[in-house]
Amino acid sequence: MYDVIVVGGGIIGCSVAWQLSKLEKKVLVIERTDVASGSAGATDGVVGYHTKKPGVQLDLAVQSIEMFKTLGQELGMDVEYELNAGGLQPVEDKEQWDMLSAMVEEQRKSGVDIRMISAEEACAIEPNLSKDIYGALYSPTSGKVNPLNLTVAYARAAKKLGAEIMTNTEVTGFIIEDGRCKGVMTSKGEFRADAVVNACGSWAGKVAKLAGLDLPIKPRKGQLAVTEPIGPYLKATVQCARYNVIKFRPETIKDQTVLKLGASLSIEQTENGGLIIGGTREFVDYEGENTFEGIEAMMQRAVRFFPALKDVSVIRFFSGFRPYTPDGLSLMGEVKTLPGFYMAAGHEGDGIALSPITGKLMAELIVYGKCSYDISDFSPNRFLTEEG
Ligand SMILES: Cc1cc2nc3c(=O)[nH]c(=O)nc-3n(C[C@H](O)[C@H](O)[C@H](O)COP(=O)(O)OP(=O)(O)OC[C@H]3O[C@@H](n4cnc5c(N)ncnc54)[C@H](O)[C@@H]3O)c2cc1C
């Protein structure tokens, strides 16, 4: 018998497990394959303010990013969190400039330093950036982290405090008695607990269905390329302005191919010198193959903004799934029609950055019945129909 069973050993599940263990709960994490085998192992690691939806999501990110300052130290592992030159989004024309300026105005209401800067200022921050830009969005205090290290660090820290992590075990159903969730059925038998957390990322909708719940989380594929290591090239994390437009104002995109692929650019340089290039957002169910059109779109964007990259070799392609929700907010909280069943999923392209606060608030909610920060806007109950 456990206090809490966390389903899913991704960055969210491991963060929740660590925080629950800190509150002295007996925790079991059940993971279908291995820790960090989902999105956390197929992502870049932007920990930024400027890529967050203005309003409650950015407010939450502010709380989360504050936690990154001491996270590595607390977890006892180097998670490669660094600010370097911040976050930059080069803008191509006046239309994008106006759209991002309006978003920035909204984002600044959360008290964060995000500003629009000139092309000259942007090129002074990133000298390899093409001069053929209209200007840029700049977020000097946005940083990056190594998402794999961070997930493993959460898992190890949770284990040190007594949590058990069971890998290669699939949750196939839930034990529901007297209208309450009392545990899980798995490929290795049944396990009981006072509370169960669904932290299955892009699969969380499917897993919720096993408990008879209809929650609209679906996979949104992102393709990624890794280049050969090169010398110091890029200090900031960079997305083209279209990245934020596709995320927050997709209705303004007229080109149907761009819209279908969600084709933009996201680029950062890792510790070993390789560049991670990404920037697609596609609804193709769980089809994880890299496609020629996706890669081509990303590469064209990369060379558009960083012309010298045309001579750099790509050594690896892969893809991951962002857990998409219709309103862009994650699902955090207890399902009112099924006491004992909690959701911690649906963080779309922001789950790495939001992992510290998600773990903390979910643990508080489960242990104390309320949290230190109001997460009612993220309640899974907003999606429940009359039937539940
Ligand atoms: C291309 C790309 C780029 C991204 N860039 C960023 C970024 O720069 N910054 C950022 O903050 N976020 C980014 N994200 C988003 C981030 O990766 C996700 O939001 C985050 O990883 C979600 O974590 P999770 O733990 O919810 O899901 P996952 O990491 O996917 O974990 C879910 C786990 O549940 C397990 N599971 C599923 N079904 C079952 C079952 N039945 N039984 C047991 N276990 C099960 C899976 O095996 C998986 O390990 C990006 C994502 C992608 C794809």
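Me: What is the handedness of the crossing of H3 and H7?
Reply: H3 and H7 cross in a left-handed way. Keep in mind that this is a predicted model.

Me: At what angle do their axes cross, and within what distance do they come?
Reply: The axes of H3, residues 94-108, and H7 cross at roughly 65° and come within 10 Å. That makes H3 roughly perpendicular to H7, because angles of 65 to 115 degrees count as such.

Me: Why give both an angle and a distance?
Reply: Two packed helices are described by the angle between their axes and the distance between those axes.

Me: Which residues meet there?
Reply: From H3 they are Gln96, Met99, Leu100, Met103 and Gln107. On the H7 side they are Ala241, Arg242, Asn244, Val245 and Phe248.

Me: How many residues of H7 are buried?
Reply: 8 of its 8 residues, so H7, residues 241-248, is mostly covered. The buried set includes Tyr243, Ile246 and Lys247.

Me: Switching to H2 and H5. At what angle do they pack?
Reply: H2 (residues 56-75) and H5 (residues 147-160) pack at about 50°, with their axes 10 Å apart. That makes H2 oblique to H5. H2 passes H5 in a left-handed crossing.

Me: And which residues meet?
Reply: Phe68, Leu71 and Leu75 in H2 meet Leu150, Ala153, Tyr154 and Ala157 in H5.

Me: What about H2 and H10, how do their axes cross?
Reply: At roughly 90°, with the axes coming within 7 Å. H2 and H10 are therefore roughly perpendicular to each other.

Me: Which residues of H2 meet H10?
Reply: They are Gln57, Leu60, Ala61, Gln63, Ser64, Met67, Phe68 and Leu71. Their partners in H10 include Ile352, Pro356, Ile357 and Leu361. Phe68 and Leu71 also take part in the meeting of H2 with H5.

Me: Where does H10 bend?
Reply: At Ile357, by about 35°. Ile357 is also one of the H10 residues that meet H2.

Me: How many residues does H10 have, and what does it reach from end to end?
Reply: H10 covers residues 351-368, which is 18 residues, and reaches 24 Å from its first C-alpha to its last. The expected value is 26 Å at 1.5 Å a residue, and the span is close to that.

Me: Why is H10 called largely enclosed?
Reply: Because 15 of its 18 residues are buried.

Me: What follows H10?
Reply: Gly369, with a positive phi near 80°.

Me: Which residues other than glycine have a positive phi?
Reply: Ala36 is one of them, with phi near 65°, and Asn84 is another, with phi near 45°. Ala36 lies in the loop between strand E2 (27-30) and strand E3 (46-47). Asn84 lies in the loop between H2 and strand E4 (87-91).

Me: Is Ala36 buried or exposed?
Reply: Buried, with a relative accessible area of 7%. Asn84 is partly exposed, at 47%.

Me: Which residue takes a positive phi just after H1?
Reply: Glu24, at about 65°.

Me: What should H1 span, and what does it span?
Reply: The 12 residues of H1, 11-22, should span 16 Å at 1.5 Å a residue, and the end C-alpha atoms are 17 Å apart, which agrees. H1 is also largely enclosed by the rest of the structure, because 11 of its 12 residues are buried. Among the buried ones are Ile11, Cys14, Trp18 and Leu20.

Me: Now Met332. Where is it?
Reply: In strand E17, residues 331-334. Met332 counts as buried, at 1% relative accessibility.

Me: What is Met332 in contact with?
Reply: Leaving aside neighbours within four places in sequence, its contacts include Leu60, His347, Thr358, Met362 and Phe378. The C-alpha atoms of Met332 and Met362 are separated by 7.1 Å, and the two are 30 residues apart along the chain.

Me: Last one, Arg322: buried or exposed?
Reply: Buried, with a relative accessible area of 16%, which is under the 20% cut-off. Arg322 sits in strand E16, residues 314-324.

Me: Which residues does Arg322 touch?
Reply: Not counting residues up to four places away in sequence, they include Ser202, Lys218, Arg220, Thr280, Arg281 and Glu348.

Definitions and conventions: Residues are numbered from 1 along each chain as its sequence is written. This is a predicted model: local features need pLDDT of at least 70, side-chain atom pairs count only at pLDDT 80 or more; totals for chains, interfaces and linings use all residues. Side-chain values use heavy atoms; hydrogens and water are left out. Helices (H or I, at least four residues) and strands (E, at least two) are DSSP runs, numbered from the N terminus. The expected span of a helix is 1.5 Å times one less than its number of residues. The bend at a residue is the angle between axes fitted to the seven residues ending there and the seven starting there. Buried means under 20% relative accessible area, exposed over 50%, partly exposed in between (1.4 Å probe, protein chains only). Axes are lines fitted to C-alpha atoms, for helices over the stretch in contact, and angles run from 0 to 180 degrees between N-to-C directions. Angles under 35 degrees count as roughly parallel, over 145 as roughly antiparallel, 65 to 115 as roughly perpendicular and the rest as oblique. A crossing is left-handed if the near helix is turned anticlockwise from the far one by less than a right angle, and right-handed if clockwise. Contact means heavy atoms within 4.5 Å.
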